[in-house]
Structures are given as C-alpha cells and as structure tokens.
Amino acid sequence: MMKKISVGLLGLGTVGSGVVTILKNHQDKLMHQVGCPIEVKKVLVKDIHKHRSVDIEPTLLTTNANEVIEDPEIDVVIEVMGGVDDTRQLILQSLRNKKHVVTANKDLMALYGSELLTVASENGCDLFYEASVAGGIPILRGLADGFASDRIIKMMGIVNGTTNFILTKMTKFGSAYEEVLKEAQDLGYAEADPTADVEGLDAARKMAILATLGYSMNIDLKDVRVQGISTVTSEDIAYSKRLGYVIKLIGTAHRKGEKVEVSVQPTLLPETHPLAGVNDEFNAVYVYGEAVGETMFYGPGAGSLPTATSIVSDLVGVMKNMRLGVNGKSSVSPQFEKKLKDDSEIFSKYFLRIHVKDQVGAFAKLTSLFSERGVSFEKILQLPLKNKDLAEIVLVTHQASLRDYEEILVQLRDLQIIQEVKSSYRVEGGNQA
C-alpha cells in the first residue's frame, strides 16, 4: 500500500467545492481504486472568512499560493481557480516542483496546452485536463484511450450548455433570443457578460483541445473559425423546422487526408441526427472513427459535481501512474505537422434566407448567380412578405465549397434585386461529410 496522497487545491468555488465533497464522500471507493487514502492538505482561496457551501477545516485554507505549490508534501495540485496568465505561472511552477497537475481550465489548455504538457513531460509529471471539455463527459479519455487504435475522421460537438439551453428554448417555444438569454442569466446558465458563450468563443477553445488530441496535431485557437448564435432568430428556427432541421451551435473538426478544418457555428442538423435531440444545458460529442464508425458521448457539460467527477477521475489516473512508476509518460507529442484546409477544400450545404424585390425575373437572376459557380439548390421556399414589394426566399444548397459560397454571398449583397441577406448557416448533410 502506498502512503497517503496529499492534494493541494487552487480555488474553492463551485467546482473546487465539488472536488472536496467527492473526496470526502467517496473515500472508501477511492481507497479501493488506488490503495491509499487521499488528503486535502491545503486550499488556495481569496477570502479565508467567506461562508462556503462545503464543510472544510479553516486551517486548510490559505491566501498564499506558495503554501500549495511549494509544499514538498503535496503530491498533486488541482487547479480550479480559472484565469490564464497568473494561473499558467502557478501550474508551471507546480510542474517544475515535480507536482502532478489536474486542471479544468479550458482557456489555459487551449492557449498554452502544448507548453504545459512539454514542461510536465520534462519533469516526469502528469498533467491531466479531462474536465476542461464537456464537464462530466469523459471525452478526452475516450479519444486518448478508446480511439488509440483508430483514426478519427470527424468530431462534432455541442460543447457549450448556455447556447444549447438558449437554442432549445427558442426551438420549443418560439421565443426571441434576447428573451431567452435573460432567462439563462436569471437561472445562472449565462454570465452577466455572456459574450464568451453566445459568440462561440468558449466552444472554440474546447474544439481546439479536442482537435489537438483527436488528430495529434497542434491546433491553436486562432485556427478555429467561429460564429456565435446572437444573430439566430425565431424565424430562422421556424424555417429550419419546416425544412426538417434543428439549429444547434456545433463545433466541428473534420480531417480529410492530411488536412483538417475546425469550426464553431450555428448549424442546421437533420432532425434524425444523433445531436439533434441533445437539449437544454446538456452536452454531447459525436465521433466518427474509420474503424469503429459512429459513437456519441453525452452528459452534463457543467456543474459542480459532474465537473468534479472528471477532476477526481484524473486524480485517480495520476495515482495509478504513481503506483506503476509511469508518471509523465502518458503525454504523447503531436504526431503530425499542422495542415489546415483552405476555403476551396471545405465543403458543406448551406441555409440562406434572403429578402428579394418581388419583380419579374428576380428569381432567375438569383439562380443564375448560383449556377455560375456550379451550386444547385436542394430545397426552396418562397413566401410573400407583408410588404408587397418583397418576397422571402429560403434555400438549402447542395454541397458547395466555402470559397464559392462566400463569393456568392458577396455578389448577392451587391445585386439590385436583393433587399437584404437575412441569415446564412451551415447545414450538416451527413455523418462523414
């Protein structure tokens, strides 16, 4: 039996409190898993005297980070304080002090994951970050271990619970975006400043992490094409439903040959797609492997105990590695040089809603613009508007390259018969795409 394992926590907010709760309530199971007790030795907090939801000895609390990262008796540092620059320095110092690290910090891992994993390996330490993507869903472990012998072709994910909650409410009740956003804020699903969620930045960070691990290629945040949901209207959702689709904010990572594309954007999914039924604050990641075919990971994407469960699972992984003497050897350097698709190599179907002047020959001019680029239509709706001089046209194209489609959009906006391009979204046309 190993000696007890001492843990230091950086942060004691919602997730940190969940970690303490699980370590306290599940001690017997953890002892059975790893063969030794786990002790929380020190916890970094901003205010020692603050009232907390978790029962913890006041003597364990400190406002001095050095009491955690410099303590020679602490074996593992669990980072749940958030932030980037200061937190990065604390984790680097912990690793250089030969302490294993478990983090839930998606922002940090998306920006500095490669550096931190290198330093961890150089110091014979583990750095695990399962909780940084999709909360309680074991997706990173699934990619690293479950798909170790397979080649991942495509990953699609609903990886932000706030936006999924908003779009679910808009779809079910026909509510306006602003109305549902306020409800999400009142319920605590959305921050007072919801920009990171609703503009897709949070999901983009997670997709960068997923793509880096899934494709063994250093994908940076700047490599992810991002469009948020703030422009999605109840009319867009209604027309999508009429055409047999559901709108979700989808993170996509797709590899073809040696090149990949990574994006986050509102996407029309066929109602039969596995992700179409993922509602409210739940997350899911759909993975298509060359050998295994289709799989999907589903569960709560956030919350105190779900996220803490992933953190403690990582902690168990560290401890098992300690027993085997293989810490610092689980991190594998990216196998492939980063190669991104250009716009001419990215293909999709597209949903387009436009207001057109209701005059003879208008539709013919519209269709000729698409046909010049070799883009045809799969579905078309044409409806009169209250303004008798205008008509609303809703289309779904067949597969087209992103380059052709964006050039069509530019030309559409310059066309005299077009009063306004109301909305444009990607359409998921199949599993492998």
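Strands here are DSSP runs of E with at least two residues, helices are runs of H or I with at least four, and both are numbered from the N terminus. Two strands count as paired if DSSP finds at least two bridges between them. This is a predicted model, in which local features need pLDDT of at least 70 and side-chain atom pairs count only at pLDDT 80 or more, while totals for chains, interfaces and linings use all residues. Residues are numbered from 1 along each chain as its sequence is written, and side-chain values use heavy atoms, with hydrogens and water left out.

Buried residues of α1 are Gly-16, Ser-17, Gly-18, Val-19, Val-20, Ile-22 and Leu-23. Buried means under 20% relative accessible area, exposed means over 50%, and partly exposed lies in between, using a 1.4 Å probe and protein chains only. The cover over these α1 residues includes β1 (5-10), β2 (38-44) and β4 (76-79). Helices α2 (27-34) and α12 (304-324) are also part of it.

Next come the cores. A nonpolar core is a set of buried Ala, Val, Leu, Ile, Met, Phe, Trp, Tyr and Cys residues joined through side-chain atoms within 4.5 Å. The largest has 76 residues. Within it, Ile-139, Ile-166, Leu-210, Val-287 and Phe-351 touch the most other members. Helix α10 supplies the largest share of this core, eight residues. Apart from it lies another core, of 31 residues, among them Leu-9, Val-20, Leu-23 and Val-102.

Val-287 has contacts beyond its sequence neighbours. Contact means heavy atoms within 4.5 Å. Setting aside residues up to four places away in sequence, Val-287 touches residues including Ile-139, Leu-143, Phe-147, Ile-152 and Met-155. Lys-154 and Glu-294 are also among its contacts.

Helix α10 (residues 201-215) holds Ile-209. At 5% relative accessibility, Ile-209 counts as buried. Leaving aside neighbours within four places in sequence, it contacts Lys-106, Met-109, Ala-110, Tyr-129, Ser-132, Val-133 and Leu-140. Asp-220 is 11 residues from Ile-209 in sequence, and their C-alpha atoms are 8.3 Å apart.

Helix α11 (residues 234-242) has Asp-236, Ile-237, Tyr-239 and Ser-240 as its buried residues. Viewed down the axis, these fall within an arc of 165°, so they line one face of α11. The arc is taken from the directions from the helix axis to the C-beta atoms. Exposed Lys-241 and Arg-242 sit on the face turned away from the buried side. Just after α11, Gly-244 takes a positive phi of about 95°.

Strand β13 (residues 347-357) pairs with several others. Nine of its 11 residues are buried, so β13 is largely enclosed by the rest of the structure. Eight bridges join β13 to β17 (residues 418-427), in the antiparallel sense. There, Tyr-350 has Arg-426 as its bridge partner. Seven bridges link β13 to β15 (residues 390-397), again antiparallel. Ile-354 stands opposite Ile-393 in β15. With β16 (residues 400-401), β13 forms two antiparallel bridges. Ser-348 is partnered there by Ala-400.

His-355 also lies in β13. At 11% relative accessibility, His-355 counts as buried. Beyond residues up to four places away in sequence, it touches Leu-385, Ala-391, Glu-392, Ile-417, Ile-418, Gln-419, Glu-420 and Lys-422.

Last, the cysteines. A disulfide is a covalent bond between the sulfur atoms of two cysteines. Here the criterion is a pair of cysteine sulfur atoms within 2.5 Å. By this rule the count is zero. The sulfur of Cys-36 is 17 Å from the closest cysteine sulfur, in Cys-125, too far for a bond. Cys-36 is buried, with a relative accessible area of 1%. Cys-125 is buried at 3%.
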